[in-house]
Amino acid sequence: MPSRARTAWFRTLGQLALILAVAALLGMLVDQVWPMLAVAALGVVVWHHWRLRGVLLRLAARQRLAAPSGTGVWSELDRLLHRSQYETQARQRRLIEMLRAYRAAAAALPDAIIVVDRDSQRVLWFSEAATPLLGLRYPHDIGASLVQRLQPLPLARWMAGGRTVEPLETPSPLNTSITLSLRLIPYSEHLWLLVARDVSRLLQLEQMRRDFVANVSHELRTPLTVVHGYLDMLDAAEHPDWAPILAEMQRQSQRMTQLVEDLLTLSRLESQDSLPAEETVSMGPMLHTLRREANALSQGRHEIVLDDRIQVDLFGSNKELHSAFSNLVSNAVRYTPAGGTVTIGFLQDEASGDREGVVLAVSDSGYGIPPHHLPRITERFYRVSTSRSRESGGTGLGLAIVKHVLNLHQARLSIASEVGRGSTFSCHFGGERVRRREAAEATA
Ligand code: ADP
C-alpha cells in the first residue's frame, strides 16, 4: 500500500477508536456504556454510508468533478478515483487525436482506400480519393454494398478470390480514360482494405516504351536490309585481303538483323492480351521441324533425340509456339559443347496437378546455369555469360519471347539446371490446350 493510503487508513482507524473511546467514557459517566457505544457505532456506519454515496456519485457522474479534499480513507479513495478518471480521459483524448491523425493521413493519400466488411461486403469507411476515382459519396455510401455500388466493375468474381486474388486492372466507373489498379488486402479476420490506384500514367509510359522500341526496330529494318544486301554482293574471293573483315561485317549485320526481328516479335507479343487466331497445332510435324532445325544448327556436333510419347496436339498459335520451342532448341544446341545430347520431349505433365496437362521439355547435357541466375533469366538481355551468348549468335531476347508466348497460351516455363551437367526447359500446358491427335497423323 502506498504510504499516503496507509496514513489515511491508520488515521480513519484512529478516528474510529477515538469515537468509540469517547462514547465509552460518556457511557460510563451516565452509566449507559453499551447503549452509548451502540449509538456511536451506528453514527460511524451512517457516516461511512454517506461517504460511500459520495464515491458512487463521482463514479456515475460523466462530467469532471473537482478534486476532493480531506484526509480520511474515503477522501483517499475519492482522490484515487479522481486520478484514474483523469488519466482515462487523457488517454482517450490521446487515442482520438491519433485516430484523427491516421484518418487525415489516409485521406491525404492519392490512392482510394475503402474498408470493407468481409462477410457482408459493405463499405465501412472510405478515403476522400474514393470520390473522384470510384464515385463513392459520403455519407450516402457508408453501409452500401460495394459490388452493387461499383456495378460496372467486375468485382463480385474478383473478390470471391479473397486472400489470393491478383490485382485487378480496370477502367474507372466514372471516367473510362482512367485505368485503376485494385488491390484487396485482408488486414483482419473481418475487414478488408480495397486500395484503388490510378495507373493511367504508368500504362501510358509503358505503351510509349513499347511504341518506341517497336518504332526504332522498324526504322532500323530497312537500312539494315540495304547494308546486308550490299555486303552479300561483295565477293571475298575478289578481295582476299578483306576476306576476314567482310566475314565479320556479314556476321555482325546478321546479328543486328536478328536483334531487330526479335525486338519486333517481342513488342508484337507484348501488345496483345490474347492470341488473335488459334488453331489445332499438329505436334507431329512441329517436333520433326524442331529436330531438323536442331540438326541444322548443330551440324552433326550433337546427338539430337526426339521423345514424342503422348500423341496429342496443342491448341494455340502455330507460328508463336514454333518460335518459342525453336528458341529453346536453339539455346540447347548453342549452350551444349560438341559431343553433347539434346532431347526434345513431348510428355504427360506429371509435376502439375492437372492430369490432362502436357509438357514440352528441351533437355541438354550442356554448360548448365548457376541457380542464382534462374530467377532473372527470362528478362530481356539477361545473360549468364555475355561472351558465350554473343559468340553463339544470341540476342538475349530468346527466353523473353518464350515467356510471352507461353503467357498468351496460359502456359508456364520451368527451368531445372545443374552447372556442368545440363539444363531442362519445360513448357507446361494445361489440359484445356490439349487436343486429341487425328489417327492418320498419329501414325504418320
Ligand atoms: P541468348 O540469345 O543470349 O541465348 P536467351 O534469352 O535465349 O538469350 O537466354 C538467356 C541466357 O540464358 C543466355 O544468355 C544463356 O546464358 C542462358 N541459357 C539459355 N538457355 C540455356 C541452356 N540451354 N543452357 C545454358 N544456358 C542457357
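Biologist: By class, what residues does the shell around the ligand have?

Modeller: In this predicted model, the shell around the ligand has nine nonpolar, eight polar and three charged residues.

Biologist: And which residues come nearest to the ligand?

Modeller: There are 20 residues around the ligand, and those that come nearest are Asn331, Tyr335, Ser389, Gly396 and Leu399.

Biologist: What lies 2.7 Å from an oxygen atom of the ligand?

Modeller: That is a polar atom in the side chain of Tyr335. Backbone atoms take part as well: a polar backbone atom of Thr395 is 2.9 Å from an oxygen atom of the ligand, and for Gly398 a backbone N or O atom lies 3.3 Å from a ligand oxygen.

Biologist: How much of the ligand's accessible area does the protein cover?

Modeller: On its own the ligand has 520 Å² of accessible area, and the protein covers 97% of that.

Biologist: Which elements give two or more residues to that shell?

Modeller: Two helices and a strand do, namely α10, which spans 318–334, α12, which spans 398–408, and β12, which spans 422–429.

Biologist: Which of them gives the most?

Modeller: The most comes from α10, which contributes three residues to the shell around the ligand.

Biologist: Switching to the sheet, in what order do the five strands run?

Modeller: The order is β2-β1-β5-β4-β3, and these five strands form an open sheet with antiparallel pairing.

Biologist: Open, okay, so which are the edge strands?

Modeller: They are β2, at 123–126, and β3, at 168–171, each of which pairs on one side only. From one strand to the next, the twist averages 25°.

Biologist: How many bridges are there between β3 and β4?

Modeller: Four bridges join β3 to β4, which covers residues 179–186, and the two strands pair in the antiparallel sense. As one example from that pairing, Leu168 has Leu182 in β4 as its bridge partner.

Biologist: New topic: how many salt bridges does the count come to?

Modeller: The count comes to 17 salt bridges. One of them is between the side chains of Glu270 and Arg209, with an N to O distance of 3.7 Å.

Biologist: Why does that pair tie together parts that are 61 residues apart in sequence?

Modeller: It does because the two residues lie in separate helices, with Glu270 in α8, which runs over residues 243–270, and Arg209 in α7, which runs over residues 200–233.

Note on methods
Residues numbered from 1 in each chain as written. Predicted model: local features only at pLDDT ≥ 70, side-chain atom pairs only at ≥ 80, totals over all residues. Heavy atoms only, no water. Near = heavy atom within 4 Å. Polar contact = N/O pair within 3.5 Å; in protein donor to acceptor, adjacent residues only side chain to side chain. Areas by Shrake-Rupley, 256 points an atom, 1.4 Å probe, with all protein chains shown as cover. Nonpolar A, V, L, I, M, F, W, Y, C, P; charged D, E, K, R; others polar. Pairing = 2+ DSSP bridges. Axes fitted to C-alpha atoms, helices over the stretch in contact; angles between N-to-C directions. Salt bridge = Lys/Arg side-chain N within 4 Å of Asp/Glu carboxyl O.
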